[in-house]
Amino acid sequence: MTAPLILVTDCDLPGTVIEDTLRAAGLRAERAASGSPDDIAAAGADAEALVVQWARIDGDLMDRLPNLRFISRVGIGYDMIDVEAATARGIAVANTPSYCIEEVAAHTVAMIMTQARGLSAYDRAVREGVWKAVDARPLAVRPSSTTVSVLGFGRIGSIVARGCRALGFRVLVADPYASDDAVRDAGCEPVDIPSAIARADILTLHVPLTDETRHLIDAAALATMKQDAVIVNTCRGPLIDEDALAAALRDGRLAGAALDVFAEEPLPGTSPLRALDTVLLTPHAAWYSPEALADLPVHAAENVIRSLAGEPVPIVNPAFAAAR
């Protein structure tokens, strides 16, 4: 009996860990020539599962893969996969939700503290010969006088909220799917999204990218924020309207931002965000540690192995069971 074919659509991680893990489990594993629909369809005509990093997988492509029953995402977010289309076709979609929780939470808190204490400004001042704390960064904050609003109280957002609370910040949490009791048990105040945005001194985003959350932070939302507020995003770039954010920062209607993710990656050289000293930029690196790098491809491959064995995996389309 021929082993099931698993197609890796694309992967920019070093090595062939995904294929090696799948083959060690007795599966056939191949990689598409590129992440284009035509290359994926050509290589995956008989594939029963896909392992996807950045390639866009829509309903039209799924229809070209008649044996496809499972998609494993190399990462936490899955906005490159049309989950609704997959559900309608009886295809389960899973992500790798636990490989970098600590790393992203730590990166987020580091960005919050860098902006709250003005570390980038102080660094520039010292390099330029300025040795005056007040002149270099007069807005460095006291945590107990500062409100951090956390949008999303999932695996990462809840750690960030608790971490900020432990550092002495007042913490608001907006998440329609989290219970008020769970938020209060963490020492935080449950609020709705508009209140969280309007009351924030520091706003940090931890929500999935969906049609409803795309440009959640747009010109209208920015207009409700405090003039000395800061936005932190280690989640998904398109949650923020970057043009509106740049305009607010440039016009002094917002104090700063710390961004690890962007609408287009790598961040284009023409992006106005690059020219603003009030913006801290990192290259979609919040996920990274040597341990996370080792875990990610293995987790993505193990999703496929466990699914084919009938074992539980982190399915992101809960309606899948009803569609089968």
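# A tour of the predicted model

With 324 residues, a compact globule would have a radius of gyration near 20 Å, and the 22 Å found for the protein agrees with that. The model is a predicted one.

**Whole chain.** Switch to a cartoon display, and the secondary structure comes to 14 helices and 12 strands. Of contacts between residues at least 6 apart in sequence, 61% join residues at least 24 apart.

**Surface.** Of the 324 residues, 49% count as buried. Now colour by charge: there are 28 positive and 43 negative charges, and their mean positions lie 6 Å apart.

**Cysteines.** Select the cysteines and show their side chains. How many disulfides does a search of the whole structure find? The search finds 0. A disulfide is a covalent bond between the sulfur atoms of two cysteines. Go to C11, whose closest cysteine sulfur is the one in C100; the distance is 14 Å, too far for a bond. C11 counts as buried because its relative accessibility is 15%, under the 20% cut-off. Move on to C188. Its closest cysteine sulfur belongs to C164, 8.5 Å away, and this too is too far for a bond. At 7% relative accessibility, C188 is also counted as buried.

**N95.** Select N95, in the loop that runs between β5 (92-94) and α5 (101-117). Is N95 buried or exposed? It counts as buried, because its relative accessibility is 7%. To see what surrounds N95, show the residues it touches, leaving aside neighbours within four places in sequence. They are R73, G75, I76 and Y78, together with N303, P314 and V316.

**R117.** Follow the chain from that loop into helix α5, which covers 101-117, and select R117, which lies in this helix. With 35% relative accessibility, R117 counts as partly exposed, since that value falls between the cut-offs of 20% and 50%. R117 and R142 are 25 residues apart in sequence, while their C-alpha atoms are 8.4 Å apart in space.

How values were computed:
Residues are numbered from 1 along each chain as its sequence is written. This is a predicted model: local features need pLDDT of at least 70, side-chain atom pairs count only at pLDDT 80 or more; totals for chains, interfaces and linings use all residues. Side-chain values use heavy atoms; hydrogens and water are left out. Helices (H or I, at least four residues) and strands (E, at least two) are DSSP runs, numbered from the N terminus. The radius of gyration is taken over C-alpha atoms; the globule rule is 2.2 Å times the number of residues to the power 0.38. Buried means under 20% relative accessible area, exposed over 50%, partly exposed in between (1.4 Å probe, protein chains only). Contact means heavy atoms within 4.5 Å. Lys and Arg count as positive and Asp and Glu as negative; His and the chain ends are not counted. The place of a charge is taken as NZ of Lys, CZ of Arg, CG of Asp or CD of Glu. A disulfide is a pair of cysteine sulfur atoms within 2.5 Å.
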